[in-house]
Amino acid sequence: MESTIISLLTTVGLILYIAYEKIILPKMSASDVESARGTVDTVMNIAQKFELIYKMADKFVILAKKKFSDGKGEEKKNWVIEQLKKIADTLDLVLTDEDYEAINESAYVDMKKDEATK
């Protein structure tokens, strides 16, 4: 799931960059060009932050399973979300509670799929 989102953001960023280079750039002033570059850089930066959050969610879900082996699912979920919020704050990435829950759920589903294939 997360790789799909990252791929989608990367693809959109690349399409915007190509459109910018081939279509928009020849008709733009220098300040407009710099603004467009800034936008593309921002999109790529956000995509990298999301990729890191998703990778860490995968690791935190596994760690929560080991750390709270006798704990309830809600306790594990809350711990994972708390860890993700700390990382997002460090990255200056603003997410809603629903976003954190969706990322956690995606990581949990991925973990269960990996366990089923082993």
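A residue is described as buried when its relative accessible area is under 20%, and by this criterion Trp79, at 12%, is a buried residue.

The protein contains four helices and zero strands, so that, as DSSP runs numbered from the N terminus, its elements follow one another in the order α-α-α-α. Of the 118 residues in the protein, 29% are buried. When contacts between residues at least 6 apart in sequence are considered, 61% of them join residues at least 24 apart. The confidence of the prediction is given by a mean pLDDT of 86, with 89% of the residues reaching 70 or more. Among the elements, the lowest mean pLDDT, 77, belongs to helix α1 (residues 2-24), whereas α3 has the highest, 94. Where pLDDT is low, the predicted coordinates should not be read in detail.

A search of the whole structure for aromatic pairs returns two of them. In one, the ring centres of Phe60 and Trp79 lie 5.8 Å apart and the ring planes stand at 85°, and the pair is therefore classed as edge-to-face, the cut-off for this class being an angle over 60 degrees. Because Phe60 belongs to helix α2 (residues 30-67) and Trp79 to helix α3, this pair ties together parts that are 19 residues apart in sequence. Phe60 has a relative accessible area of 12% and is buried, and Trp79 is likewise buried, with a relative accessible area of 12%.

Phe68 and Trp79 form an aromatic pair that is also edge-to-face, with 5.9 Å from centre to centre and 65° between the planes. Here Phe68 lies in the loop between α2 and α3 while Trp79 lies in helix α3, so the pair ties together parts that are eleven residues apart in sequence. Phe68, with a relative accessible area of 15%, is buried. Taken together, Phe60, Phe68 and Trp79 form one aromatic cluster.

Helix α3 (residues 73-90) also packs against helix α4 (residues 97-117), for the axes of the two helices come within 10 Å and cross at roughly 115°. The crossing in which α3 passes α4 is right-handed. On the side of α3 the contact is made by Lys77, Val80, Ile81, Leu84, Lys85 and Ala88, and on the side of α4 by Asp97, Tyr100, Glu101, Ile103 and Asn104. By residue type, this contact of α3 with α4 divides into six nonpolar, one polar and four charged residues.

Asn104, which is placed in helix α4, has a relative accessible area of 7% and is therefore counted as buried. Leaving aside residues up to four places away in sequence, Asn104 touches Val61, Lys77, Val80 and Ile81.

Between α3 and α4 runs a loop in which Asp92 is found. Most residues other than glycine have a negative phi, and most peptide bonds are trans. In Asp92, however, phi is near 55°, a positive value in a residue other than glycine. With a relative accessibility of 66%, Asp92 counts as exposed, whereas Asn104 is buried.

Terms used
Residues are numbered from 1 along each chain as its sequence is written. This is a predicted model: local features need pLDDT of at least 70, side-chain atom pairs count only at pLDDT 80 or more; totals for chains, interfaces and linings use all residues. Side-chain values use heavy atoms; hydrogens and water are left out. Axes are lines fitted to C-alpha atoms, for helices over the stretch in contact, and angles run from 0 to 180 degrees between N-to-C directions. A crossing is left-handed if the near helix is turned anticlockwise from the far one by less than a right angle, and right-handed if clockwise. Contact means heavy atoms within 4.5 Å. Ala, Val, Leu, Ile, Met, Phe, Trp, Tyr, Cys and Pro count as nonpolar, Asp, Glu, Lys and Arg as charged, and the others, Gly among them, as polar. Rings of Phe, Tyr and Trp (its six-membered ring) pair if their centres lie within 6.5 Å; planes under 30 degrees apart count as stacked, over 60 as edge-to-face and the rest as tilted. Buried means under 20% relative accessible area, exposed over 50%, partly exposed in between (1.4 Å probe, protein chains only). pLDDT is the predictor's confidence in each residue, from 0 to 100.
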